[in-house]
Amino acid sequence: MTVLMMFAACYGVWQLTMLASATRTVRMPLLILGVVAGLYGAGMLALGLQLVYTRGMAALSGDPLPEIVRTASYTVDPLIEELAKVAPFALLALLHRKVRAQWGLTDFLLLGAAGGAGFGLVEQLLRHADQAASVTGGGPFEGWSKMQGFSFVQIWGLPDLVTSWLPTPVSYIDAFSADTPSPDISLHLVWSALAGLGVGLLIRGSALQRLAGGALLLFPWLDHAAYNHEVADPDGAGVINALATPLAFLRHALWLYPLLALAAATFLDRRTLLAGKRAWPDTLTAPEQAGRPAVAALGGHAFAGLPWTPYFTWTYVLTRRAALYSHDRVAPDDPMRQAVAQSTTALDATRGAQAWRGTGLRRRDGATPPRGLKPWLPLLIWAVLLVPTLLYFLPGSLPTFSGVQGLLAEPWVFPLVLVFSVAGLGWLGWQLYATARRLRPLLAAPAADAAVRAELRLLTGFGSIAAGIGSLVLGLAAGGPDQPILTSHILDAISQTLFLASLLLAMLAMVWFPPLGLAALAGGGFQLVLTAAAADFLATLAGAGALAILAAMMSGNGSGGGRGDDYWEEKYGQDDPPPRQERISDANKAELEDSGWLKNKVKDPQLRRDFMKWLEQGHKQGEAHEHLRPGSPEAEAKLAEFLAEVL
């Protein structure tokens, strides 16, 4: 059940992402991380603010807490939740000039939708992830259901989800309805998509567009409040009650809201991109400058070296869009423009199939597989700490194996689960520290994408730790693993979950922090071996922060293509290009570590030392080994690989 609920949340975001392909710059992995940020970041932020408000009002007014919670559910809580869902992405844009400049309106809409999908997912997981023993159904293709009063809760099967538009993970269906049930549209996803576009208009728009952006932030709050009012106080009076009827009527077109918002964002973003191309002609490929449409010009390169070039070309397209969005917000010598201009030149040089001849998967020359247990220790720690969580949410969430959830709550097993959870919180805290230490060089990169991913991971981790510690304190006070942890409001979801489920849900965040042991696995694995011309293209893309992992996997084998001699003379004051690799002894490694190139790329001295140690892995003391020339494509690629692995 849990996997299907997670799939439903991400599937709706994927649907919008595919429709937004003409103007977006964000990639699906970042949007999945946005779903996780909505789950842990926005969810925990909203819960904390609602706790402060309801408990504070109860203390100040003396009114019963249940009455304050009920009233807040259709007044203050919808405002808190709608702002919390877009807060992570709005904060990133406000804090970082590059984010404000490189994200288009479509990106803000998609990230808002991702945050809303994650927020809706946390509500459903808290409500239903621990109810596998009480549902009936045929399995993941038919779904599961559970009677609840005069309605039943439906967890949809895979065929129903993939044939629906923006499906919600769980629906509540009237038992006496004559209509054929089908998945509802995810309300939180739609509301947050509109709010995300509103944030984008407030940040990027003209004066009139900012007014529209304010309206797009106001509408989800009012519609959310009216929806909750129909449930909590349908016969009440006041402004919300007066708005409930017209808003309920408009909600019949809920499926259309994101399409209209996406059409408006696409139209405005297209105008910005066309203006950027006119302002920065050096970012256009030679066929585009000759008058060919971008689709035809880039399509020729996409099929030049199958199967590699479609992905590389698409990554180039997304990176160039990010640069073009910033054309009127940065100086003409902006590093992002220069990186994309270099990538465009390299793209033109690798347009023919000849440049990609010889590309394939080969063993890295001189690669030494990890030896002993030490390189694998972080991976083993990560896998062991996740055992109770994965047992609870994977087999345990299926009716057939629901006994697993009960077993983990047994008095003789639960203390062991607590030990795993506390250790997991400590391990997650260490991963947060390691990520924060390596944030500075990512912030200095021309593209904002890598820094955004790191900061969303930090937000996710902090939210998870807060949820875990809060669950421990409140759950232990409640008296045991099978007790509700508190009575509050994320649409009452948190009051329905058990202590054990809430605690293990917090531990799931570790899945989105790649364990350091995976670096050891990659170190002895396979890599892409490319021709020199293709390698040049990927190296320049990596300089823009777009292909850090793939470019780091490449080798410079082959001949043909590459930068001209004037590049090295201009950059390093020498007539001849440096050798691609040079054999030196351990004593001469200071040339790279003390180079101005590395100091400019990595400001933190400790991180530079870590990079040098990482380069030496697999070599015996005193053994001659390959030394990278500062500033060469190989050095750029190795540094990109190192930064990608330590995150």
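Helices here are DSSP runs of at least four residues, numbered from the N terminus. Keep in mind that the model you're looking at is predicted.

**Exercise 1.** Work out how Glu 82 and Lys 85 are placed relative to each other in helix H4.

*Solution.* Start with the helix: H4 covers residues 76-95 and spans 27 Å from its first C-alpha to its last, close to the 28 Å expected. Next, find the two residues in H4: they sit three residues apart, so about one helical turn separates them. Now check the contact: Glu 82 and Lys 85 form a salt bridge, with the closest N and O atoms 2.9 Å apart. While you're in H4, spot the kink of about 50° at Ala 87, shortly before Pro 88.

**Exercise 2.** Find out which parts of the chain the pair Asp 282 and Arg 337 links.

*Solution.* First, the contact: the two side chains meet in a salt bridge at 3.2 Å, N to O. Then place them: Asp 282 is in the loop between helices H11 and H12, while Arg 337 belongs to helix H15, 55 residues apart. Last, burial: buried means under 20% relative accessible area, so Arg 337, at 14%, is buried. Asp 282 has 33% and counts as partly exposed.

**Exercise 3.** Trace the salt-bridge network that includes Asp 449 and Arg 453.

*Solution.* Begin with the pair itself: the closest N and O atoms of Asp 449 and Arg 453 are 2.1 Å apart in a salt bridge. Both are in helix H21, four residues apart, so about one helical turn lies between them.

How values were computed:
Residues are numbered from 1 along each chain as its sequence is written. This is a predicted model: local features need pLDDT of at least 70, side-chain atom pairs count only at pLDDT 80 or more; totals for chains, interfaces and linings use all residues. Side-chain values use heavy atoms; hydrogens and water are left out. The expected span of a helix is 1.5 Å times one less than its number of residues. The bend at a residue is the angle between axes fitted to the seven residues ending there and the seven starting there. A salt bridge is a side-chain nitrogen of Lys or Arg within 4 Å of a carboxyl oxygen of Asp or Glu. Buried means under 20% relative accessible area, exposed over 50%, partly exposed in between (1.4 Å probe, protein chains only).
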